[in-house]
Amino acid sequence: MEPFLFVDFSRCIACQACWAACRREHGGVSRLHLLCFQEAAVPLACRQCRKAPCAGFCPEGALVQEEGRGVKFLEERCTHCGLCAAACPFGVLEIVPGPVPDLSRCDLCRRRWEEGLMPVCVLTCPTRALSLDAGGAVGRRRRAQPAAFPVS
Amino acid sequence: MERILVRWERCVGCRSCELACRVAHSASGDLFSAVLERPAPSRRIYVEQADKTPSPFLCRQCEDAPCVRSCPTRALAHDETTGLVAYEPARCIGCHGCVMACPFGMIQPDVREGFIAKCDRCKGRDRPACVEACPTHTLVLEKDFLDLRRKEAVRNLVQSGNPV
Amino acid sequence: MGKEGRSRVRTVCPYCAVGCHVDLLVEEGRAVGLDYATDSPVNGGNLCAKGNAVLDLLDHPDRLRTPLRRTASGWEAVGWDEALDWAAERIGTIRDRHGPDALGFLSSAKCTNEENYLLQKLARLLGSNNVDHCARLCHASTLTGLAPVLGMGAATNPLHDLAQARCLFLVGSNPAENHPVAFQWVREAKDKGAVVIVADPRKTPTAWIADLHLPVRPGTDIALLHAMLHVILREGLEDKAFIRSRTTGFERTVRAVRDTAPEWAQSVTGVPAGDILRAARLFARTRPGALIYCMGITQHHNGTQAVRACANLALATGNVGRPGSGLIPVRGQDNVQGACDMGALSALLPGYRPVADPQARAAMEALWGCPPGTIPDRPGLTVTEMEAEAGRTLRALVAMGENPAVTSPAGGRVAEGLERLDFFLAIDLFLTESARSAHLVLPAAAWAEKSGSKTSADRRVQWSPRAVLPPGDARPDAWIITRLARRLGLGAHFPCESPEDVLREINRAVPAYGGITPERIREAPGGIHWPCPRQDHPGTPVLFEKTFATADGRARFFPVSFDPPPESPDADYPLCLTTGRVTAHYNSGSMTRRTPALLELSPELFVEVHPEDAARLGFSEGSRVRVVTRRGAVEASAYLSSAVARGVVFAPFHFPGTNRLTLDVVDPEARIPAFKAAACRLEPL
């Protein structure tokens, strides 16, 4: 199965390392946003939905749902209309204005990934709040946490 | 609906429940065909090492469930009549929010029906497959759990050799 | 190695004291990228936000590229020869006219061991002990506090050892924001079921995972620690065998805490007595336990005493000298431990030998080949004293990588003092707030542009090799100091041309570094923990496993008394101002406030205020407010958060305003300023 970015927000300490790493890797615009709420912080990035609203709304076919995987972005078709950003329930798609507007969206560092390297946010995170999950490894880890046990 | 309770101290880690769960959630519903199905049928119950003994873990059907709260499309909702957290595949966009939200790791991505695998307490079956399959009666229904507890307590008391 | 012509060089991050490895991707002498050192035994590739933004420091447009001399019409670029000749002439003249005590040298925790060693050597060969550095402003109280207790003022256990602890007590320490990479070991301990107790006036991200958070009023930590010790002794939870066999002076400490019951402490600290009771029982019963403290303990008028109160608690519970336990002062800067080890302190020679000790002076004079009596026998001026004397008895100042106009208390007065100097030489990466007052500014090389060794918070000495070329005409600090020394007629004592040569001299000067040769640390993937006295010694990750470094080998309890902060909130200044770091910035901000990514995260000075205090004063989130103390006033944006206790105002110290507000009172022993508690009021604008 194609992986997605697993966020274990109970481990996040709001250190912004993922944000800074993403910004660095992607030319000064982070595709990941770290938000605090009460006593927790959550890095928000594209969830690689399997039936993604953004792809459903895109009138140009620039965002294409791949069967059993996330969404593929075909840059040459994009007209930067912004419908995808409006459709995304998580607010993690963004049209970045500029001389050449750009769609900012996490692609799990696909370029690195094809070279066999992990996404930068996963590598930099000091508390393992971010991981790339494909085979349920993180679920296993969570089930192994002391909190999951009925008695200690 | 009666909940499934776990008498974790009885578990021997045989994983019969996992197997029964896979078969119950396969297309064919029988073991020999299920092993050949692709994609492989998923399980919704997990035998893990709890402290030093193995123990099965399954969805607790929380009343105020983190997975339900995290779902942007209400594909997961608490069903008042059954008391279960019900999954509606047609509404699901596969965003993995519930996978991240469950504190117990009981929801996993899946590719068969909808995008997640989560205990549905064996829809359409009177007794869930895992309960039926458990040879040590670690997994029991709520009513049986109390019955068995009482019987056990009486047996312990009698066997303690208390003079009459 | 991947792409052709590209090499990968492992350097040590220039920010905090965790000592993380950062791999630079280098092409033709320029850094073209950064990668994560996933096989590093230090950080496993993890970096914090600042570590991810380090590349912005190299080739930054604001970097100094040539020596600059101040003239009536502005800055004038000059050549190295002219600049160094002039600097040597001015320093020499001032020394001849006013004596060596008119010279001051600010060394730097941001420079390598070799550079700190050379600068203090230069100062002492010129006949002055006026050499000090910013440890004075962060962990000076750790040195003065722990040296007589344990015989050595350094972290007893390595940071990764925290993962072995069963109980973690963090007091005045916020690693989640300030040392995020080190926080992974706190998290790992917690994953394994450890108990985490956090004492902090704010509910910081560190406190998010705490089992118990004690919101202590700023400046009252001693009362809290005493009350905990009181409970431990009252309930007989102390480690009697450890106290008997490995410590002395316990009786007097017992007397000192006889009357410090939790009920009393509740009235002083604001922490409920029940929570103090619980914290004491948890810490005493759950062993091994580590006590981690930072500037919330040290930066007080009684910092030395507070450090000893921490030590008393750790010693009473037997939590020193065992894996997973320890007293862990987490240092702030990449080489603040090393700069102290190298003797860049006004009263201590390399290896912490006091300048007042004639044998120590004689040994150093013999090593340096200078006539007996060269090193003065009286301690010199500390950072704060040099700043106070600037333009008075102190006529010339050399500041290497320090920015006192922002980092020192009563910052406005420091800036005025710098203006009064006859000669002020600044060596820095950027034209900082302080360097603007200089007569001569020399461009220095940044971390990856020079080689050298650095010592992280847990005494881990690592080699950071040169990876790229400095911009323009910038030069390594060691090169600058050596050239300056030669022009001052001290060439015979400064024969070393490379950092490796200097480290070989350090091997002979500092016993704990005896076996840390350049050849060894260049090869050691995770560096070497000092003390490492011999070539064949493996280093010492955990200190004091058998004996303490005191004369009799036993740790000493020091009775401590509590006195309230010198400035308490009153009718005119009803709130308590406390300062600290934010995750995006670093110290005076001369580096991070020039980094676009970090500036985007935290662009300006803000104050964190409890929503109830804000409502009472009539302002809301994002309002501009004036923060007023008896020293001065600055404007800031208000950030409302119930994470900060009622009546407390938090301000980060990375922006020029904050230290115009802080209290100009120092701890009598450590001479550390009381940054952490001042009375203030807020005025909505």
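1. In this predicted model, the contact between chains A and B takes 24 residues from chain A and 22 residues from chain B. On chain A, the elements that give two or more residues to the side touching chain B are strand 1 (4-7) and helix 6 (137-143). Helix 6 of chain A gives the most to this side, with four residues. By class, the side of chain A that touches chain B comprises 13 nonpolar, four polar and seven charged residues.

2. Chain A also meets chain C: 19 residues of chain A are in contact with 24 residues of chain C. At least two residues of the side of chain A that touches chain C come from each of helix 1 (17-25) and helix 5 (120-124) of chain A. The most is given by helix 1 of chain A, which supplies six residues to that side. The side of chain A that touches chain C divides into 12 nonpolar, three polar and four charged residues.

3. Chain B and chain C are joined by no contact, and their closest C-alpha atoms lie 11 Å apart.

4. The domain assignment for chain A gives domain 1 (1-45 + 109-143) and domain 2 (48-105). Taken over C-alpha atoms, the centres of domain 1 of chain A and domain 2 of chain A are separated by 20 Å. Eight residues from domain 1 of chain A and nine residues from domain 2 of chain A make up the contact. On domain 1 of chain A, the side that touches domain 2 of chain A has five nonpolar, one polar and two charged residues.

5. Chain B is likewise assigned to domains, namely domain 1 (1-58 + 119-158) and domain 2 (60-116). The C-alpha centres of domain 1 of chain B and domain 2 of chain B lie 20 Å apart. In the contact, nine residues of domain 1 of chain B meet 11 residues of domain 2 of chain B. The side of domain 1 of chain B that touches domain 2 of chain B consists of five nonpolar, one polar and three charged residues.

6. For chain C, the unreviewed UniProt entry carries the annotation "domain: 4Fe-4S Mo/W bis-MGD-type", covering residues 6-62. In the model, the span 6-62 of chain C is 7% helix and 37% strand, and its end C-alpha atoms lie 27 Å apart.

7. The largest nonpolar core has 290 residues. Those with the most contacts inside this core are L168(C), L224(C), M228(C) and C310(C). Not counting residues up to four places away in sequence, M228(C) touches I276(C), A279(C), A280(C), F283(C) and L313(C). There is also a second, separate core of 28 residues, which includes L640(C), V644(C), A678(C) and C680(C).

8. Strand pairing in chain C involves L640(C) as well. Strand 24 (residues 606-609) of chain C runs parallel to strand 26 (residues 633-640) of chain C, with four bridges between them. Within this pairing, V609(C) has L640(C) of strand 26 as its bridge partner, and L640(C) is also one of the residues of the second core.

Conventions:
Residues are numbered from 1 along each chain as its sequence is written. Chains are lettered from A and ligands numbered from 1 in the order in which they are written. This is a predicted model: local features need pLDDT of at least 70, side-chain atom pairs count only at pLDDT 80 or more; totals for chains, interfaces and linings use all residues. UniProt positions are given in the numbering used here, feature names are shortened, and annotations may be inferred rather than shown by experiment. Two residues are in contact if their C-beta atoms, placed from the backbone, lie within 7 Å. Ala, Val, Leu, Ile, Met, Phe, Trp, Tyr, Cys and Pro count as nonpolar, Asp, Glu, Lys and Arg as charged, and the others, Gly among them, as polar. Domain bounds come from an automatic or database domain assignment. A nonpolar core is a set of buried Ala, Val, Leu, Ile, Met, Phe, Trp, Tyr and Cys residues joined through C-beta atoms within 7 Å. A residue is buried if 20 or more other C-beta atoms lie within 10 Å of its own, exposed if 12 or fewer, and partly exposed in between; C-beta atoms are placed from the backbone. Two strands pair if DSSP finds at least two bridges between them.
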